[in-house]
Amino acid sequence: MYFRKKRKKETKPTPTPVPVPVPPPPAGPDLISQLPDSILHSILSLLPIKDAVRTSALSSRWRHLWKAAPLRLDSSSFDPNVQPPLNLFHVIRPPYWSWEAIFRVFHSHHGPIQSLSLTLFTPSEMDRFVESAVQRGIRQLNLVASYYECTYELPAFLLLCNSLHQLSLRGCAFPQALPLSIFPNLTELRLNSVPLPNDLLPNCASLQTLLLATSSEGPPVSISSPSLCKLVFDVDSSRTELIIEYAPNLESLMLGEETTCFCKLKVLDAPKLQLLGFIHANFRAVQLGGTLIEQLEEPTLILPPIFKVNATPCRTNTLFSVKTLAIEMECYFEKAIPDLLRCFPCLENLDILKYEGNGDEHYLDKGIWEEQGSLSLLDHLKTVTVKRFCGDQCDVELLRYLVVHGKVLHNITLLCSRHISKKFVETKKRQICFEKRASSDLALVFFRDAKRNVHFSLWNDLIYY
């Protein structure tokens, strides 16, 4: 009998369920747009100008908000990779520059101006920008001129601006005849390659911070200001002179690393000066009160320089107010350092920047610190920082003197430019006689300075534009 084979029932695959689209939640109210205009103006003023202008495309509510917000306009931000031409024959600007956009943004805006930075515009264009900025209460102004080798002279209406608080100039010039009252509310002035008129500072009643930088030879720079609190001076290739004649409120005098190599320094009347430096070990002449230390003979390949100390009757022969001093020391010129430290009997913080080319083969004044005895500053010195410490004989003798005689010294920080091993640390502690330290609270700290920064933290302001 024939039996038919029963076929297996085929199972159909379960169809994949099609996801049902979920409708988006209903849009809530635009809470940001409901904020008052004053708050939105503050927010827009913190944005880059390009982003602030783009908000006008959000809605009709935002279309004109940026035009009334405080404006921060930097002409270099429109195309930072392109520099304007310095060739006199390239008068017509290439089309890929955004000069037209700068004009449109500036003249479309009708609110107050917080800051304005202009780079290499023509004098007529500068006048148009500056005049409009003064009328709208400019607070911070940065002008980089010298367009086509033509120095831009500041207009008279800028000197009388009441709203200006910070002014930075490069390649500009002041008028020959200055009014009796200049920049009534200016607190910070930065001048780079700008001649300083003699009657400028006494007429700036509110000036507190002054930064001067130059790379050309010029007449002596005289500082006389009753309100000045901080002075930064940097010169790298000129034979000039810096004279602090009258600065009763000056607290900080910061110099470029090699400024005193080219420039003579005279601090005649600064009773509140607390921070001073850098003073290079190969300085030309330094006068502090009635104490003058000057270099009599130029150094040669064989003989180190010869320094002479003259003390004349004066209101003060030393600066008792200075608490922090920064020096750049080179072993070849170490002989002048003890005489320099004697001018600061109340010094509390000493920062030493070592010259990178130091080595025992250049060290000629061995044993110079053993002849000094005890300096007055050792009764007050608390911290010492040595940057680019390499542990040569010059470093060891100086540290041994400070460790053995520093009565209240509690911290010595050594920033090393080489690898630090346990053997290196133990050897240097033994060489500087750390076990014979005069202060029981003294701590000796070694750090690996991998970044090899050339400035101490307090001297970061010396970095200009």
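Analyst: Let's start with a pair of strands: S7 and S8 (residues 209-214) run parallel and are joined by five bridges. Strands here are DSSP runs of E with at least two residues, while helices are runs of H or I with at least four, and both are numbered from the N terminus. Two strands count as paired if DSSP finds at least two bridges between them.

Before going further, please keep in mind that this is a predicted model, in which local features need pLDDT of at least 70 and side-chain atom pairs count only at pLDDT 80 or more, while totals for chains, interfaces and linings use all residues. Residues are numbered from 1 along each chain as its sequence is written, and side-chain values use heavy atoms, with hydrogens and water left out.

Now follow S7 itself. In S8, Ala213 is the bridge partner of Asn192. S7 also pairs with strand S5 (residues 166-170), again in the parallel sense and over five bridges. There, Leu167 stands opposite Leu189 of S7.

How enclosed is S7? Four of the five residues in S7 (residues 188-192) are buried, so the strand is largely enclosed by the rest of the structure. Buried means under 20% relative accessible area, exposed means over 50%, and partly exposed lies in between, using a 1.4 Å probe and protein chains only.

On a 1 Å grid over the protein atoms alone, a pocket is an open set of points with protein on both sides within 12 Å along at least five of seven lines, a cavity is a set where a 1.4 Å probe fits but cannot get out, and lining residues have an atom within 4 Å of a point. Grid points are joined across faces, edges and corners, and a volume is the space filled by probe spheres set on those points.

Take S8 first. The largest share of the lining of the largest pocket, three residues, comes from S8, and strand S9 (221-224) is another element that supplies at least two. This pocket holds about 460 Å³ of space. Its lining has 19 residues, and those nearest the centre are Val194, Pro195, Leu196, Pro219 and Val221. By class, the lining has 11 nonpolar residues, seven polar and one charged. Nonpolar covers Ala, Val, Leu, Ile, Met, Phe, Trp, Tyr, Cys and Pro, charged covers Asp, Glu, Lys and Arg, and the others, Gly among them, are polar.

The 22 residues that line the second largest pocket include Asp74, Ser115, Leu116, Ser117 and Asn142, the closest to its centre. S5 and S7 each supply at least two lining residues, as do helix H2 (49-54) and strands S1 (71-74), S2 (113-119) and S3 (140-144). The lining of the second largest pocket has nine nonpolar, seven polar and six charged residues.

S12 pairs in the parallel sense with strand S10 (residues 230-235) over four bridges, and Met254 is the bridge partner of Val232. Three bridges join S12 to S14 (residues 275-280), also running parallel, with Ser252 opposite Leu275.
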